[in-house]
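Please look over the model shown below before reading on.

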Amino acid sequence: MEVISLGSEQVLDIESNEAGLEREGGVVELDGQSYKSLERDGLSELDGENAACQPRKEFVAPAVGMEFESYDDVYNYYNCYAKEAGFCVRVKNSWFKRNSKEKYGAVLCCSSQGFKRIKDVNRLRKETRTGCPAMIRMRLVDSKRWRIVEVTLDHNHLLGSRVHKSVKRLTNCTKRKLNSNSDAEVRTIKLYHALVVDAGGDGSCNVIGREARTQSSKPDQLCLKKGDSQSVYNYFCRMQMSNSNFFHSVDFNVDGLLRNVFWADARSRAACGYFGDVVRFDSTYLSSKYETPLVTFVGLNHHGQSVLLGCGLLSNETTESYVWIFKTWAACMNGHTPQTIITDRCLCLQTAISQVFPRSHHRFGLFDIMRRVPEKLGGLRNYDAIRKALFKAVYETLKVGEFEGAWGFMVHHFGVADNEWLQSLYKDRVLWAPVCLKDTFFAGIAAASQGDNISPFFDKYVHKQTPLKEFLDKYEFAVQKKHKEESLADIESRNWTPILKSRCSFELQVSKAYTKEMFNKFQFEVEEMYSCFSTMQLHVNGPITIFLVKERILVEGNRREIRDFEVMYNRSASEVRCICSCFNFNGYLCRHSLCVLNFNGVEEIPSKYILPRWRKDYKRVYIPISCSNGLNLTDQAQFFNQLYRSALQVVEEGVVSFDHYKVALEAFEESLNRIHGLEEKLD
């Protein structure tokens with residue numbers, strides 16, 4: 001497998017040890033596989049066991065958004081492209097910084113660009129210039145790489161295949177790059193440009209002049225329709241230009257054909273720092289065979305809204321594909337490991353997560369399992385009764401013994417003990433049954449109560465027959481709408497005055513800290529304290545006391561049923577824990593725990609149960625950047641990450657109102673002027 005990463009700064013560079021790559025004697029090692037750098041027809045390719053990139057028939061055409069490590073890399077690349085296309089290259093213009101020899105911009109053009117000057121017309125040398133418009137304009141960007149910002153591909157003359165003077169005039173340094181086994185084009189072409197390969201059978205990389213086949217004949221090849229690859233390519237280029245922290249990565253199969261794709265914009269990368277503790281990996285569109293094989297990483301923000309943490313397109317549901325996308329997502333998020341990751345129930349996913357995130361709590365989504373009950377059991381006799389018994393076992397039992405008993409009654413009473421789906425579910429119960437997951441923190445994504453619904457992030461935008469091109473058109477609109485909803489919720493929470501419904505000190509305490517949505521959820525628990533009519537001690541063991549809280553529960557048919565809830569309270573450690581495990585499932589204390597605290601004369605909820613992730617000022621008090629003590633003074637990518645995240649906080653605050661906007665803009669302008677002043681002093 002060949003991995004090609006194309007981020008703004010999270011690029012898997014062949015020369016970077018942090019990317020897990022090592023180079024010695026022209027051999028590259030990637031994830032334990034050895035790749036030998038070959039030179040064929042002037043192009044370098046990676047060749048290795050089960051990962052040989054097939055010869056390219058055409059060189060990738062330049063496009064806006066491509067980025068390169070150095071000026072020489074761009075010059076080298078454009079000359080190679082020119083050689084394949086059949087024209088010569090010359091430098092039309094170059095720009096240098098004031099009082100410095102550092103180049104920051106240039107234009108490379110076809111040698112037939114322009115016309116001879118009048119004084120040269122009468123010379124005997126034949127006129128070769130035609131005013132050809134073909135050119136590329138490039139500039140040095142903030143990330144200290146060279147980006148192509150303007151491209152004209154069309155020529156107004158015939159193209160040939162002769163040896164070109166522009167190639168002969170390459171510098172010695174560039175020649176060494178062309179001739180060495182550690183060819184710079186591996187780095188330049190395969191790692192830095194914004195490329196998406198069509199699913200064509202010949203393995204060609206030229207996405208500008210070729211359309212994909214209608215169907216893929218290989219299981220490890222992304223199935224693309226006509227125009228799909230161009231749409232993805234255009235989207236990546238556009239985002240690369242407008243979003244400096246945009247990350248994207250592509251993966252190829254052994255034939256050099258596109259297999260998997262991943263991308264995440266700046267907001268998704270920043271959101272992971274805030275809300276990446278619990279992540280849902282949604283493969284609904286992939287497993288249900290949608291036309292767009294989409295997978296998403298989704299978290300929950302401080303308003304209880306879903307927030308996108310990354311997207312991908314996968315060719316299949318294999319362990320290899322899942323391992324690739326998990327590793328790529330982790331690299332994009334600076335090696336982030338979620339505390340809990342929730343997925344569909346799948347053995348390949350289970351294997352992949354155990355490899356990539358061995359320290360994370362992997363759990364199966366209960367909602368995904370329960371929504372398949374009609375499909376898996378709908379044909380059974382007494383289906384309605386079986387469904388009712390199953391739901392009772394899953395949602396109403398509080399102890400493992402109760403769950404085991406209810407499950408045993410269901411399978412034997414209705415004669416479904418031999419049902420393979422139910423057997424496999426029971427075998428995996430420790431990964432999905434709420435009664436077995438009380439020690440796992442879910443932050444509201446678990447859907448552990450009957451009636452809880454978790455919709456895919458793009459639920460209203462992707463349907464069974466939605467083509468990839470249409471999804472990409474809707475993608476930005478959907479994401480922007482979610483961002484707008486979060487911004488409006490931020491403003492509303494800051495300007496909102498909560499209405500208290502009781503004289504409970506817990507309600508007042510939380511109202512000062514939480515966002516409106518999360519306070520409303522907690523306030524419901526405070527109101528329901530009045531349905532708990534009895535709190536009594538059951539057992540005392542040193543500082544630990546077990547209490548029994550009785551509650552009247554509304555059940556089917558508007559009847560009320562009395563249920564018992566055991567609550568552990570440790571006075572010395574200020575710890576309270578209910579058997580319903582509401583805190584781990586939802587992120588706030590339940591009515592039973594509040595009753596026990598109130599019974600013991602506690603007037604404030606212990607700070608450990610007031611989670612920062614629900615606070616209305618969470619993004620202000622939490623700065624998701626690495627400790628300055630571990631800062632590498634030579635790592636510009638690390639500089640970029642920290643500066644970008646800090647700046648993003650100012651942006652988040654700056655959109656609250658026009659006054660906020662003016663202050664933020666003035667701060668940016670002042671900072672920029674001070675930096676320019678520093679540059680002048682250094683000059």
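The model is a predicted one, in which local features need pLDDT of at least 70 and side-chain atom pairs count only at pLDDT 80 or more, while totals for chains, interfaces and linings use all residues. Residues are numbered from 1 along each chain as its sequence is written, and side-chain values use heavy atoms, with hydrogens and water left out.

**The chain as a whole**

The protein chain holds 22 helices and 21 strands, where helices (H or I, at least four residues) and strands (E, at least two) are DSSP runs numbered from the N terminus. Of its 683 residues, 51% count as buried, a term that means under 20% relative accessible area, with exposed meaning over 50% and partly exposed lying in between (1.4 Å probe, protein chains only). Among contacts (heavy atoms within 4.5 Å) between residues at least 6 apart in sequence, 60% join residues at least 24 apart.

**Two open sheets**

Strands of a sheet pair through backbone hydrogen bonds, either parallel or antiparallel; here two strands are taken to pair if DSSP finds at least two bridges between them.

| Strand pair | Bridges | Facing residues |
|---|---|---|
| S11 and S12 (residues 258-264) | six bridges | Asp 251 and Asn 260 |
| S19 (residues 544-555) and S20 (residues 559-570) | twelve bridges | Phe 547 and Val 567 |
| S20 and S21 (residues 575-578) | four bridges | Met 568 and Arg 577 |

**Hairpins**

Strands S11 and S12 form a hairpin with five residues between them, and Gly 256 in the turn has a positive phi of about 80°. Strand S11 (residues 247-252) is mostly covered, as six of its six residues are buried. In a regular strand the side chains alternate between the two faces of the sheet. On one side of S11 lie Phe 247, Ser 249 and Asp 251, and on the other His 248, Val 250 and Phe 252, all of them buried.

The hairpin of S19 and S20 has three residues between the strands, and Gly 557 takes a positive phi near 80° there. In the hairpin of S20 and S21, with four residues between the strands, the positive phi belongs to Ser 574 and is near 50°.

Helix H8 (residues 319-332) has 14 residues and reaches 20 Å from its first C-alpha to its last, close to the 20 Å expected at 1.5 Å a residue; the expected span is 1.5 Å times one less than the number of residues. Ten of the 14 residues of H8 are buried, so this helix is largely enclosed by the rest of the structure. Among those buried are Tyr 322, Trp 324, Phe 326 and Trp 329. After H8 comes Asn 334, with a positive phi near 60°.

Helix H15 (residues 468-495) has 28 residues, which should span 40 Å at 1.5 Å a residue, and its end C-alpha atoms are 40 Å apart, which agrees. Even so, H15 bends by about 35° at Lys 474, the bend being the angle between axes fitted to the seven residues ending there and the seven starting there. Its buried residues include Phe 471, Tyr 475, His 483, Glu 486 and Asp 490.

**Cysteines**

How many disulfides does a search of the whole structure find? It finds zero, a disulfide being a pair of cysteine sulfur atoms within 2.5 Å. The sulfur of Cys 132 is 3.9 Å from the closest cysteine sulfur, in Cys 110, which is too far for a bond. Cys 504 is likewise in no disulfide, and the nearest cysteine sulfur, that of Cys 595, is 9.1 Å away. Cys 132 is buried, with a relative accessible area of 1%, and Cys 504 counts as buried at 15% relative accessibility.
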